[in-house]
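Work through the exercises below with the sequence and the model side by side. Try each task before reading its solution.

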Amino acid sequence: MNSVEVGGTAPTEPLGFPFTVAAWNLERCLFPTESAVKIATSRAQVVLLSEMDNGMARTAQAHTTAAVASTLGMVYAYGVEFIELGLGSETELEFCTDNHNRLGFHGNAVLAATPLVQPFLLRLPGQRFWFLSGGDQSRLGERLAIGAVIQTEAGPVVMVSTHLESNADAAQRETQLCILIDSLEATFPSLPLLIGGDLNTGNHIGGDWRDETLFAHATRRGFMIHGGPETAMTTRASQITRWPNRAMKLDWFLTRGLQIAQSQIIASTDKWDKPLSDHDMIVLQISGLNQ
């Protein structure tokens with residue numbers, strides 16, 4: 001639960017500017033190949049993923065992160081957020097290929113088209129909701145951040161994939177982000193930072209991301225906030241989450257020390273309009289480092 005798995009192969013050259021970073025909650029990653037194809041259309045050279053299965057019956061026991069990385073020709077670092085104690089929700093049972101999980105791992109990942117240096121994992125504080133009250137999603141573990149340093153032509157940058165708690169209030173999520181930033185500053189002083197992923201903003205507090213206090217905290221710590229158009233939500237109905245009217249803005253980038261050209265939201269549907277996840281993908285173009 002505290003180890004980082006690394007794998008894959010990628011070019012060894014540093015990234016040139018501009019380059020694109022994508023963040024995507026892949027909702028178990030039911031469709032690794034199609035999801036990789038979708039990521040490829042964004043031309044992202046760094047990819048931050050969450051809700052990635054490894055050894056789960058609902059995703060054919062696949063190591064979904066390794067599969068996506070292989071298709072993209074990238075390296076990856078993967079960390080286990082939860083050990084799933086069951087097969088999943090009622091809708092997830094429809095996708096199960098076995099009556100057991102080979103491993104039961106569910107976690108986050110960072111992928112890159114350049115080597116990942118000093119990969120790390122940080123477990124974030126929680127209240128063990130999922131183990132005590134998770135119902136058909138009973139789990140062991142808590143939310144985490146996983147990241148690494150990548151080299152660019154102008155110097156190193158820290159890339160972090162995280163997933164804040166959905167069954168929490170704004171204060172708890174702000175605490176999780178504060179601990180993450182504290183750790184990054186202590187470990188990588190003075191390096192440019194990018195944090196991206198599903199921050200669950202507005203989840204379980206009426207659905208309004210503007211009520212989250214973590215944004216003010218990030219701003220006080222020198223971060224810029226990026227989430228595509230302000231009025232555009234990042235969730236949708238999917239193969240698993242069949243709630244067509246539940247649209248929220250949960251997915252964000254927080255950056256410090258980076259020059260940002262633009263951010264946008266890319267619909268998480270394939271060429272036949274099938275949803276690959278209940279989250280859309282967010283992308284960010286980095287044009288340089290702040291000197």
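**Exercise 1. Which residue in β12 is the bridge partner of G197?**

Solution. This is a predicted model, in which local features need pLDDT of at least 70, side-chain atom pairs count only at pLDDT 80 or more, and totals for chains, interfaces and linings use all residues. Residues are numbered from 1 along each chain as its sequence is written, and side-chain values use heavy atoms, with hydrogens and water left out.

- Step 1. Find β10 at residues 193-198 and β12 at residues 251-256. Strands (E, at least two residues) and helices (H or I, at least four) are DSSP runs, numbered from the N terminus.
- Step 2. The two strands run antiparallel and are joined by 6 bridges. Strands count as paired if DSSP finds at least two bridges between them.
- Step 3. Across from G197 sits its bridge partner, W252.

**Exercise 2. Which strands pair with β4?**

Solution. 

- Step 1. β1 (residues 5-8) pairs with β4 in the antiparallel sense over 4 bridges. Here G7 stands opposite Y76.
- Step 2. β5 is also an antiparallel partner of β4, over 8 bridges. I83 faces F105 in this pair.
- Step 3. β7 (residues 139-141) pairs antiparallel with β4 over 3 bridges. F82 stands opposite G141.
- Step 4. Of the 10 residues of β4, 9 are buried, so the strand is largely enclosed by the rest of the structure. Buried means under 20% relative accessible area, exposed over 50%, partly exposed in between (1.4 Å probe, protein chains only).

**Exercise 3. Which residues touch the most other members of the largest nonpolar core?**

Solution. 

- Step 1. Take the term: a nonpolar core is a set of buried Ala, Val, Leu, Ile, Met, Phe, Trp, Tyr and Cys residues joined through side-chain atoms within 4.5 Å.
- Step 2. The largest core has 27 residues, and I39, L49, V68 and L111 touch the most other members.
- Step 3. Elements that each supply at least two residues include β2 (19-28), α1 (32-42) and β14 (281-289). β3 gives the most, 4 residues.
- Step 4. A second, separate core holds 26 residues, among them F19, A23, I146 and I265.

**Exercise 4. Is Q137 buried or exposed?**

Solution. 

- Step 1. Q137 lies in the loop between α4 (129-133) and β7.
- Step 2. Its relative accessible area is 18%, so Q137 is buried.
- Step 3. Q137 and V160 are 23 residues apart in sequence, and their C-alpha atoms are 26 Å apart in space.
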